[in-house]
Amino acid sequence: MSWQPAIWTRMKHLARTAPGLSAAFVIVTALVLFLSIRLVVSTLYWNQHRNEPLHPWMTLNYVSRSHSIPKDYLETALDLPEDLRKRASLTELAARRDQSVAVLTAEMSAIIAAYHEAELRQAEP
């Protein structure tokens with residue numbers, strides 16, 4: 001335990017002699033810690049939410065991440081105009097397309113299945 005006082009003494013000395021460097025070190029350390037925690041939380045979340053069944057509250061971005069399909073592919077396959085490509089939920093998309101959520105989710109399920117089937121065919125030797 002004799003090393004602890006030496007480290008703290010050195011850190012205090014560094015803080016007094018180079019306060020800018022010490023502040024930068026603390027800020028960078030906090031940023032690295034924040035981003036590391038964010039990475040772990042995001043990784044754990046998406047590992048548990050793969051291939052979620054489609055729900056009306058989901059957005060295209062959520063569906064694309066959950067089902068590992070490019071968002072642009074979904075937008076193109078659904079033939080969405082630019083004004084519908086924003087963060088609209090499936091309920092909002094269905095309403096703007098004058099169709100029910102069930103019809104939209106069925107169409108999206110077919111698109112997702114076709115995309116993954118094509119991916120599997122490409123992966124085969």
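The legends below describe close-up views of a predicted model.

**View 1. The largest nonpolar core.**
The largest nonpolar core of the predicted model holds 20 residues. Leu60, Val63, Leu74, Leu90, Leu93 and Met108 have the most contacts inside this core. Helices α3 (60–66), α5 (90–96) and α6 (101–123) are the elements that each supply two or more residues to the core. Helix α6 gives the largest share, five residues.

**View 2. Surroundings of Val63.**
Val63 is part of helix α3. With a relative accessibility of 0%, Val63 counts as buried, because the limit for a buried residue is under 20%. When neighbours within four places in sequence are left aside, Val63 is in contact with Leu54, Met58, Ile69, Leu74, Leu90, Met108 and Ile112. His116 lies 53 residues from Val63 in sequence, and the two C-alpha atoms are 14 Å apart in space.

**View 3. Surroundings of Leu74.**
Leu74 is among the residues with the most contacts inside the largest nonpolar core. Residues up to four places away in sequence are not counted here; Leu74 then touches Leu60, Val63, Ser64, Ile69, Met108, Ile111 and Ile112.

**View 4. The salt bridge of Lys71 and Glu75.**
Three salt bridges are found in a search of the whole structure. One of them joins the side chains of Lys71 and Glu75, with an N to O distance of 3.8 Å. Both residues belong to helix α4 (residues 71–77) and are four residues apart, about one turn of the helix. Glu75 counts as buried, at 5% relative accessibility. Lys71 is partly exposed, its relative accessible area being 27%.

**View 5. The salt bridge of Arg97 and Glu107.**
In the salt bridge between Arg97 and Glu107, the closest N and O atoms are 3.7 Å apart. Arg97 sits in the loop between α5 and α6 and Glu107 in helix α6, so this pair ties together parts that are ten residues apart in sequence. Arg97 has a relative accessibility of 25% and counts as partly exposed. Glu107, at 27% relative accessibility, also counts as partly exposed.

**View 6. The salt bridge of Glu117 and Arg121.**
The side chains of Glu117 and Arg121 meet in a salt bridge with an N to O distance of 3.0 Å. Both residues are in helix α6, where they are four residues apart and separated by about one helical turn. Glu117 has a relative accessible area of 45% and is partly exposed. Arg121 is exposed, at 54%, because the limit for an exposed residue is over 50%.

**View 7. The largest pocket.**
The volume of the largest pocket is about 170 Å³. Its lining consists of Met11, Leu14, Ala15, Leu21, Ser22, Phe25 and Val26. Helices α1 (3–17) and α2 (19–48) are the elements that each give two or more residues to this lining. The largest share, four residues, comes from α2. By class, the lining of the largest pocket has six nonpolar residues, one polar residue and no charged residues.

Terms used: Residues numbered from 1 in each chain as written. Predicted model: local features only at pLDDT ≥ 70, side-chain atom pairs only at ≥ 80, totals over all residues. Heavy atoms only, no water. Core = buried A, V, L, I, M, F, W, Y, C linked by side-chain atoms within 4.5 Å. Buried < 20%, exposed > 50% of the residue type's maximum accessible area, 1.4 Å probe, protein only. Contact = heavy atoms within 4.5 Å. Salt bridge = Lys/Arg side-chain N within 4 Å of Asp/Glu carboxyl O. 1 Å grid on protein atoms, 1.4 Å probe; cavity = no way out; pocket = protein on both sides within 12 Å on 5 of 7 lines; lining within 4 Å. Points joined across faces, edges and corners; volume = space filled by probe spheres on them. Nonpolar A, V, L, I, M, F, W, Y, C, P; charged D, E, K, R; others polar.
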